[in-house]
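Subject: Structure handover and notes

Hi,

Here is the structure I promised to pass on. Please have a look at it first, and then read my notes below.

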Amino acid sequence: MRIMNLAESVMEIEIVRIREPDAEVFSCEIAKPGAQPIPGVLYICPGSEQPENPDEMTAAVFCGEVPELALTPGSVFQTEMTPEQALVRISRALTAQARLDSACARLVAVTAAGKGVQSVLDCAYTLVGNPMILIDSSYKLIACNADILSFREDIAEQQKRGFVLSENIEEMKKERIYENIRQARYPCYSVQTRDGVKTGWMNALVYADGMEVAQLGVPEINRSFEAADFEIVHFLCKLLSIELQKSDAFRRNMGLMHSVLLCDLLDGLIPDENTARLRAEQLEWNLGERMCLLTVFDAASGMFERKARRIAERVQALFARSRWALFDNRVVFILPREQLEEGGETLDALKSDLANNGLACAGSAEFSGLLDARSAYEQTLRSYEIGSRLAPGEVLFRYEACVCQHIGQLLRESGNLRSFCHPGVLRLAEEESAHDAKLLGTLRTYLQYPNDPGEAAQKLYIHKNTLFYRMHKIREDYGLNLADGTERLWIQMTLEFLSI
């Protein structure tokens, strides 16, 4: 067992010094005077006694105070336990590790024999001592141990039908069992009550290329779970992943692999652009050199699978070359930028569909490298956050329309945003707030239509001459030079910062 793993599993011992974290210990014993240290043995030493030849020890645990030593063991621990107590606790930890190593070796051997999922599950039952049931992500029964059928009548009924019963699916969703496992990425324990009887369950997910493909359940009916059981089930899930990928069912679902690649891009798991491009070509992505992301949000209840797939099919019908994935409880699309720029009836149809389903959508800026998808996704999150605050009635937000607010947020988080604002615009905003004037809105609209003052006046519901009068007053009273391109940009940025 690795020294560091031992230190983590035995809470009663404290680390004094670790020389080689990967050093292995295979047994432990209380140090005896005059005995020659054996490599790989953890020695338990009373604090008042100095062991002989400590520098030849792999590791030592001192009970009580650690003495001053001229020569010290490889790794040193301290505990308040007696030597006998320490021997028992450490021996248990080493025994549990030996059991885990043996169990993993047996599971590997059975998997290598190529007898299928059921054979692997039967072997796991003998190792953990509790029966198991394995279902795929569509709640279809893949395999189970025979003894689990007599545990509950509904499980026997599921075995006959081949699918999980609807009431059991609803119960799992209500208990948020799989949400907890997704967060932990490790088997989780829960207690379920059925007909007044409480039963502990260990539940785990099986992944293939980062995608959930199956769910494993283990009821605690024959013996209580130990820490090693969770490790065995965690390792079992990796072997089940290998077995499931051998099946025809998995190969028939290869059409969903585009979701895996997009998720990998969003998670930052692709090492380089060449690898990303190669995988995209293998999956026949046809996105071109100019791409963007669209992220669909469900502010009311969070995106769930059936609703997500329906909106995904709808958007793919509108943008034929797009690819999508469920990521962070949202639907994320990657598509050619020109498809989004075409606008017209396509965008109108998208907006209508979003509004009818209580959804909203945010788009990123254009990017050309697939590895930029991760930062583009962050842009869509910011775009939705800012856009839904500034225009709560809208359902489609563009990052280009809120990039200035994003810059302002970053400046505000890093320092004093006010120091980056144009002083004349700040003074105008303060005086307008005090006197309820309309000059700030006039300035904003004028800059929005710089080449069409008639359109600006129409948007403000004023005569063009009134617009010219107000703009003259703004220039003279607040020292704004709109003829200078740099200052004009500064003024526009300040107006955006004021909306944060």
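A word on the ground rules before the details. This is a predicted model, in which local features need pLDDT of at least 70 and side-chain atom pairs count only at pLDDT 80 or more, while totals for chains, interfaces and linings use all residues. Residues are numbered from 1 along each chain as its sequence is written, and side-chain values use heavy atoms, with hydrogens and water left out.

Let me start with the E12–E13 loop. Asp328 lies between strand E12 (323–327) and strand E13 (330–336); strands are DSSP runs of at least two residues (E), helices are runs of at least four (H or I), and both are numbered from the N terminus. Asp328 has a positive phi of about 55° without being a glycine. Asn329 is found in that loop between E12 and E13 too, and its phi is also positive, at about 65°, although Asn329 is not a glycine. For context, most residues other than glycine have a negative phi.

Now the charged pairs. The whole structure holds 15 salt bridges, each being a side-chain nitrogen of Lys or Arg within 4 Å of a carboxyl oxygen of Asp or Glu. Here are some to look up:

- Arg223 and Glu226 meet at 3.4 Å, N to O. Arg223 is partly exposed at 26%, as is Glu226 at 43%. Arg99, Arg223, Glu226 and Asp229 are linked in a network of salt bridges.
- Arg277 and Glu273 meet at 3.0 Å, N to O. Both lie in helix H10 (residues 273–282), four residues apart, about one turn of the helix.
- Arg321 pairs with Glu338, with the closest N and O atoms 3.6 Å apart. Arg321 sits in the loop between helix H11 (305–318) and E12, and Glu338 in helix H12 (residues 337–341), so this pair ties together parts that are 17 residues apart in sequence.

How do H18 and H19 cross? The axes of helix H18 (residues 453–460) and helix H19 (residues 464–478) come within 9 Å and cross at roughly 95°, which makes H18 roughly perpendicular to H19. Axes are lines fitted to C-alpha atoms, for helices over the stretch in contact, with angles from 0 to 180 degrees between N-to-C directions; under 35 degrees counts as roughly parallel, over 145 as roughly antiparallel, 65 to 115 as roughly perpendicular and the rest as oblique. Pro453, Gly454, Ala456, Ala457 and Leu460 of H18 meet Lys464, Leu467 and Phe468 of H19, where contact means heavy atoms within 4.5 Å.

Finally, Gln215 in strand E10 (residues 211–219) is buried, at 4% relative accessibility. Leaving out residues up to four places away in sequence, Gln215 touches residues including Ile133, Asp136, Tyr139, Tyr178 and Leu205.

Best wishes

Key:
Buried < 20%, exposed > 50% of the residue type's maximum accessible area, 1.4 Å probe, protein only.
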